[in-house]
Amino acid sequence: MTRIDELTLAAEFPQATYEDWRKLVDGVLKGAPFEKLVSKTSDGLKIDPIYRRAQGATPVAGRAAAAPWQIMQRIDHPDAKAANAQALHDLENGATGLTLVFAGANGAHGFGLDPSAEAVAQVLDGIYLDAGIGIELQIGPQSRMAAIHVAEYIKRRGIDPAACDIRFGLDPLGSCAVWGFSPYSWEEIVPAVTGSIKGLAAMGFKGPFAVADGRVIHDAGGSEVQELAFVLAAAVAYLRAIEQAGIALEDARGMVYARLSADADQFLTLAKFRALRLLWARVEQACGLTPKPLFIAADTAWRMLTQRDAYVNMLRATMATFSAGLGGASAITVLPHTLALGLPDPFARRAARNTQLVLLEESNLAKVSDPAAGAGGIEALTKQLCESAWSLFQEIETAGGIFSALEQNLIQRKVAATRTAREASIAKRRDVLTGASEFPNLHEPEIAVLDATPIVLPPYGEAKFKFDPLAPMRLAAPFEALRDKSDEKLKASGARPKIFLANLGTAADFTARATFAKSFFETGGIEAIDTQGFVDPAALAAAFKASGAAIVCLCSSDKAYAEHAVAATKALQAAGAKHIYLAGRPGEQEAALRSAGVGDFIFAGGDALAMLKEAWRRMEQA
């Protein structure tokens, strides 16, 4: 009888080695350098096409073994009664925690809870805060009293503060960074923050109280290294302030936690969460402390959300949650897929909640602690992130700490450079946003959101200390602005702007480039009029005239262009075409094509956004 341990998978095949793989790859490359297969992150970190297993790797300490992360549900309805109903419903249907987003918080995105004492009491009514429910506050300086109101409400209810799991979310540094100013110096901010922390701790709350929020960097278009360094520098600033207030370091470290953005880049997100744990352990060791796992909250990323084809946001959120969960996140808040459109309805909220429930309850993602341990690619990325983030953290410390670095615009300059490069990649569609910058649907139905009036808070203080703001952005916004113009034109005139696809030759000749051109122009809200293949220039010109379009794009193979493009271009010009594009790189035919009247060439890797903006300008002048 065969023993189980003798049943080796694929034992009859010879063991494949890295060298065997390299030989096969070199054969395909045909003399091209192997480095062509090596990609780089926005930080310049190398990602090889294949890795060996990392030898001697050990799991990164994070959540308790086999423990699930907290399933946090975002509560941000401006009406306190409606917010309370949402909170109770979420807790009854799988959420294990609530993220209370108050107006004025960095993550409010136009909405948020009323921070008054009366509203706080109504939002929390009927919620058993001492029953193991995780509560996280997202507040800003304008809504900072919400933390005190929550604490006072708990005391009035006679609930033991020590039995509550509340993260109070104090983060003046994050607010200053986003706003680009502060009414107070860091020396003035410190006693206010530590006074609040000591007051909450004296009431019996165990914290944590202050958060180092990496979303500030991620939302502004920054990189993983910049986000990690910012979190590390902010956390160290809060840790120093708490210690200077007379609290022992052993206790102070438990009063600080971190928040990171999780996006759809699976491997970078996973490695980023692992890296933060290792970096914080290094800080603890430098403080003479035995490392303990840092509490890391995750929010799925704001910048990756699209208004167009918003259902794709569900897939992005699933990948982000998957990656953060495997990376060791302690709690995860999934932004509903319609948040970029407005206040999410019950369906969007249910989908956000169930994203986590499926991954935990059906996919069992939490059953293995740090499943990426030993994976060569993830270990290499984690190591590179740690080294680069630590170097940037040291640069921030050398500048005098996080507040001084913000005053000097040290961080903002680095983020701006990364953001500019990221925006260029989006514009050229090297980084694809499905439904927005690629594969658009001009006929998608309108998605419902709730009708709610946002809470408007008064301005906070005089801007005595000014610096460049780290303003949040969404990557899809430039393409969506063109789609919005198209919708406005449709509403006003009954028709969208159009481009006529002049398909030349047979379907085999033009289908590939016609498909590309249709997607290209419709990402900018310009409706493509597809056609059969033409050989006769007169028939092509007649079809163009009948279409009502002002601009044209020739679509076909290089061979068909050589045979038909010049005659087709002249016929289209004679028929009144205001501008003629050609799908594909011009190559050796460029001079002849331009001489005939082709104005621009569209192709993969070109600046699609600039081309689309110019197309709009031409149509508006026609």
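Gly 400, which follows helix H13, has a positive phi, near 110°. H13 spans residues 376-398; helices here are DSSP runs of H or I of at least four residues, strands are runs of E of at least two, and both are numbered from the N terminus. The 23 residues of H13 reach 33 Å from first to last C-alpha, close to the 33 Å expected at 1.5 Å a residue, the expected span being 1.5 Å times one less than the number of residues.

The model is predicted, so local features need pLDDT of at least 70 and side-chain atom pairs count only at pLDDT 80 or more, while totals for chains, interfaces and linings use all residues. Residues are numbered from 1 along each chain as its sequence is written, and side-chain values use heavy atoms, without hydrogens and water.

I turn to the sheet. Eight strands form an open, parallel sheet in the order S6-S5-S4-S3-S11-S10-S9-S8, where pairing requires at least two DSSP bridges between two strands. Strand S5 (residues 134-138) joins S6 in the parallel sense over three bridges, and Ile 135 stands opposite Ile 166 in S6.

Finally, the cores. A nonpolar core is a set of buried Ala, Val, Leu, Ile, Met, Phe, Trp, Tyr and Cys residues joined through side-chain atoms within 4.5 Å; buried means under 20% relative accessible area with a 1.4 Å probe, protein chains only. Of the 120 residues in the largest core, Leu 100 and Ile 411 touch the most other members. Helix H8 (residues 224-244) gives the most to this core, with 15 residues.

Methods
Buried < 20%, exposed > 50% of the residue type's maximum accessible area, 1.4 Å probe, protein only.
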